[in-house]
Amino acid sequence: MILTNVESVPGRKIVEHYGLVSGSTVRSKHFGRDFMAGLKNIVGGELKGYTELLEESRKEAMDRMVKMAKALGANAVVNVRFSTSSVAAGAAELYAYGTAVRLE
């Protein structure tokens with residue numbers, strides 16, 4: 001499965017268009033991660049707990065998007081984008097979407 005954030009794949013022709021595919025996940029913060037992030041804010045540096053949380057969220061949302069694209073018969077998703085939104089206090093959604101296509 002080819003995933004790209006541009007509208008086409010250079011050197012490849014789009015022969016089928018299946019429309020919008022998406023995947024999302026809603027994650028909440030973990031008390032332990034929040035506590036450690038608060039301590040890290042004092043001294044500065046990367047908040048590794050949050051970095052890992054976001055990496056896991058992006059992967060899961062993309063996996064769900066790819067699963068939807070495969071079910072339609074696509075072999076690529078073009079114009080991939082990410083979006084986030086707050087769902088509730090302490091919880092956020094990460095949404096991945098793009099256009100499922102078949103390349104020759």
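**Close-up views of a predicted model**

View 1. The side chains of Arg27 and Glu60 form a salt bridge, with N to O at 2.4 Å. Arg27 belongs to strand E2 and Glu60 to helix H2, so the pair ties together parts that are 33 residues apart in sequence. Arg27 is partly exposed, at 21% relative accessibility, and Glu60 is also partly exposed, at 23%. The model shown here and in the other views is predicted.

View 2. Arg64 has a relative accessible area of 41% and is partly exposed. A network of salt bridges links Arg27, Glu56, Glu60 and Arg64. Lys59 forms a salt bridge with Asp63, the closest N and O atoms lying 2.9 Å apart. Because Lys59 and Asp63 are four residues apart in helix H2, about one helical turn separates them. Lys59 is exposed at 53% relative accessibility, whereas Asp63 is partly exposed at 41%. The whole structure has four salt bridges.

View 3. Thr25 lies in strand E2, residues 14-28. Its relative accessibility is 5%, so Thr25 counts as buried. The side chains of Thr25 and Arg27 are joined by a polar contact of 3.3 Å. Beyond four places in sequence, Thr25 is in contact with Ser57, Glu60, Ala61, Arg64, Ala92, Glu93 and Leu94.

**View 4. The largest nonpolar core.** This core has 10 residues: Val21, Ala61, Met65, Ala69, Ala74, Val77, Val80, Leu94, Ala96 and Ala100. Helix H2 (48-72), strand E3 (76-88) and strand E4 (91-103) each give two or more residues to the core. A second, separate core of five residues includes Val9, Ala76, Val101 and Leu103.

**View 5. Thr4 in the loop between strands E1 and E2.** Thr4 sits in the loop between strand E1 (2-3) and E2. With a relative accessible area of 18%, Thr4 is buried. A polar atom of the Thr4 side chain lies 3.3 Å from the backbone nitrogen of Val6. Apart from residues up to four places away in sequence, Thr4 touches Val9, Val77, Val78, Asn79 and Val80.

**View 6. A nonpolar surface patch.** Phe35, Met36, Leu39, Ile42 and Val43 make a nonpolar surface patch of about 560 Å². Phe35 is placed in helix H1, residues 31-43, and is partly exposed, with a relative accessible area of 48%.

Note on methods
Residues numbered from 1 in each chain as written. Predicted model: local features only at pLDDT ≥ 70, side-chain atom pairs only at ≥ 80, totals over all residues. Heavy atoms only, no water. Core = buried A, V, L, I, M, F, W, Y, C linked by side-chain atoms within 4.5 Å. Buried < 20%, exposed > 50% of the residue type's maximum accessible area, 1.4 Å probe, protein only. Polar contact = N/O pair within 3.5 Å; in protein donor to acceptor, adjacent residues only side chain to side chain. Contact = heavy atoms within 4.5 Å. Patch = residues over 30% accessible without salt bridge, like charges linked within 9 Å, V, L, I, M, F, W, Y side chains within 5 Å. Areas by Shrake-Rupley, 256 points an atom, 1.4 Å probe, with all protein chains shown as cover.
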